[in-house]
Amino acid sequence: METIELIAPCHFGMEAVLKREILDLGYEISRVEDGKVTFWGDMEAICYANIFLRTAERILLKVGQVHAETFDELFEGTKALPWERFIPGDGKFWVAKATSIKSKLFSPSDIQSIMKKAIVERLKTVYHQQWFEESGAAYPVRVTIMKDEAVIGLDTSGDSLHKRGYRKLTSKAPITETLAAALIMMTPWKKDRILVDPFCGSGTIPIEAAMIAAGIAPGMNRSFLANEWDNLISKKLWYGALDEANDMVDLNIQTDIQGYDIDGNIIKAARENAALAGVSQLIHFQQRPVSELRHPKKYGFVITNPPYGERLEEKENLPKLYREIGNSFSMLDCWSEYVITAYQDAEKYIGRKADKNRKIYNGMMKTYVYQFLGPKPPSPKIRQKSEDDKKN
């Protein structure tokens with residue numbers, strides 16, 4: 001099977017998490033850049049990447065790279081790429097998105113128009129057609145021009161990969177599924193450890209944690225544009241990847257994953273979303289304010305996305321809210337807490353400086369993941385010896 005290069009965009013700041021995921025799938029990384037990881041694979045890799053990667057936003061099949069400081073250079077460079085290798089004679093193709101950063105060409109609409117014409121001219125000479133009905137499968141093109149270097153790819157995913165298919169009901173400011181998964185995966189949390197989200201909203205963080213714990217691949221219950229690319233990917237490859245995903249699911253596990261929210265209607269929505277995701281039995285949801293966050297056991301994790309105060313009237317309440325967060329954290333002996341927020345005074349009102357913090361872009365919003373690290377739990381052997389000593 002021929003080798004291709006695939007591009008996986010992700011949230012800025014979470015590249016290392018995505019890189020680890022790709023390596024775990026067995027693929028070789030070609031480069032890591034701000035907001036994306038590029039790797040080598042084959043056509044089967046398109047199936048596995050879309051179905052299994054939790055932190056990628058989409059998967060692009062890289063067609064080529066072009067240096068373009070003028071529209072003529074962009075046209076000729078795009079026309080020189082082997083489009084017929086990927087797009088059949090009846091394929092529907094268009095430039096779905098153009099992004100330009102620090103480049104001489106900066107008009108997205110002009111970039112899209114020029115590139116479409118160039119692709120048409122290339123395919124005219126190959127297929128000996130003057131007109132393309134574009135009645136077949138969709139092959140949307142995406143281009144990012146950075147410092148006059150245009151990286152051009154075909155979108156294999158369609159809807160963003162954060163759309164797992166389970167979230168029908170949302171809270172006011174939901175965190176995306178891909179960012180929630182990345183937050184969990186950047187921590188040492190494992191399925192046998194306690195996890196609590198005291199601002200769970202529509203349940204995204206607990207649901208993603210439960211899916212990780214149960215081995216549920218994030219893309220196994222949705223479709224992708226490349227499902228219809230019969231000229232490139234046989235249905236057998238898709239079925240093989242899905243069979244493997246199904247074999248990995250294990251719902252017969254013991255977990256302690258909890259989600260709280262002060263809004264009872266939102267908790268109801270979270271329960272419904274968890275049921276749609278197939279993990280309702282693995283999560284305990286409860287209407288409860290953060291001031292009542294308690295747990296009798298040690299060495300748990302809080303991973304949460306509290307309000308940022310985007311609206312003026314909400315900002316006034318943030319000092320009190322973050323003090324309550326800090327008070328609750330102080331009651332959790334030996335726990336680790338991970339808080340993603342855009343609120344710049346978070347540490348001040350929580351009352352403790354974070355051991356680490358990481359800058360993450362949530363869309364265009366700059367946020368920080370404040371990491372308050374607790375001690376590692378003793379090994380099982382040490383715990384057992386301690387319990388035996390107490391009995392004696």
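Student: Is Gln371 buried or exposed, and what is its relative accessible area?

Tutor: The general idea is a set of cut-offs: buried means under 20% relative accessible area, exposed means over 50%, and partly exposed lies in between (1.4 Å probe, protein chains only). Gln371 is buried because its relative accessible area is 7%. Please note that this is a predicted model, in which local features need pLDDT of at least 70 and side-chain atom pairs count only at pLDDT 80 or more, while totals for chains, interfaces and linings use all residues. Residues are numbered from 1 along each chain as its sequence is written, and side-chain values use heavy atoms, with hydrogens and water left out.

Student: In which strand does Gln371 lie, and with which residues is Gln371 in contact?

Tutor: Helices (H or I, at least four residues) and strands (E, at least two) are DSSP runs, numbered from the N terminus. Gln371 lies in strand E14, residues 365–372. Contact means heavy atoms within 4.5 Å. Leaving aside neighbours within four places in sequence, Gln371 is in contact with Met186, Glu337, Tyr338, Ala354, Asp355, Lys356, Asn357 and Arg358.

Student: What is the order of the strands in the open sheet that contains E14?

Tutor: Strands of a sheet pair through backbone hydrogen bonds, either parallel or antiparallel. Here two strands are said to pair if DSSP finds at least two bridges between them. The open sheet has seven strands in the order E10-E9-E8-E11-E12-E14-E13, with mixed pairing. Its edge strands are E10 (283–287) and E13 (356–362), each of which pairs on one side only. Neighbouring strands of this sheet are turned by 20° against each other on average, direction ignored; axes are lines fitted to C-alpha atoms, for helices over the stretch in contact, and angles run from 0 to 180 degrees between N-to-C directions.

Student: Which way do the residues of strand E8 point, and how many bridges join E8 to E9?

Tutor: In E8 (residues 194–197), Ile194 and Val196 point one way, Leu195 and Asp197 point the other way, and all are buried. Four bridges join E8 to strand E9 (residues 256–261), and the two run parallel. Within that pairing, Leu195 has Ile257 of E9 as its bridge partner. E8 also pairs with E11 in the parallel sense, over two bridges, and there Val196 has Val302 as its bridge partner. Further along, E11 (residues 301–304) pairs with E12 (residues 336–341) in the parallel sense over four bridges, with Phe301 opposite Ser336.

Student: Which strands stand at the edges of the sheet that includes E2 and E5?

Tutor: This open sheet of seven strands has the order E2-E3-E1-E4-E7-E6-E5, with mixed pairing. E2 (28–33) and E5 (92–101) stand at the edges with a single partner strand each, so one side of each is left without a neighbour in the sheet. The twist averages 30° from one strand to the next.

Student: How many bridges join E4 to E7, and which strands does H3 touch?

Tutor: E4 and E7 run antiparallel and are joined by seven bridges, with Gly64 facing its bridge partner Ile152 in E7. H3 packs on the sheet, touching E4 and E7, and its direction makes about 135° with that of E4. In H3 (residues 71–79), Leu74, Phe75, Gly77 and Thr78 are buried. What covers these buried residues includes E4 (60–67), helix H4 (108–127) and E7 (149–155). Helix H2 (residues 43–52) lies across E1 (4–9), E3 (36–41) and E4, running at about 15° to E1.

Student: Where is Phe132 found, and why does Phe132 count as buried?

Tutor: Phe132 is found in the loop between H4 and strand E6 (138–146). Phe132 counts as buried because its relative accessibility is 7%. Leaving aside neighbours within four places in sequence, Phe132 is in contact with Gly89, Val120, Leu123, Lys124 and Tyr127. Glu134 is also found in the loop between H4 and E6. At 22% relative accessibility, Glu134 counts as partly exposed, and Glu134 has a positive phi of about 55° although it is not a glycine.
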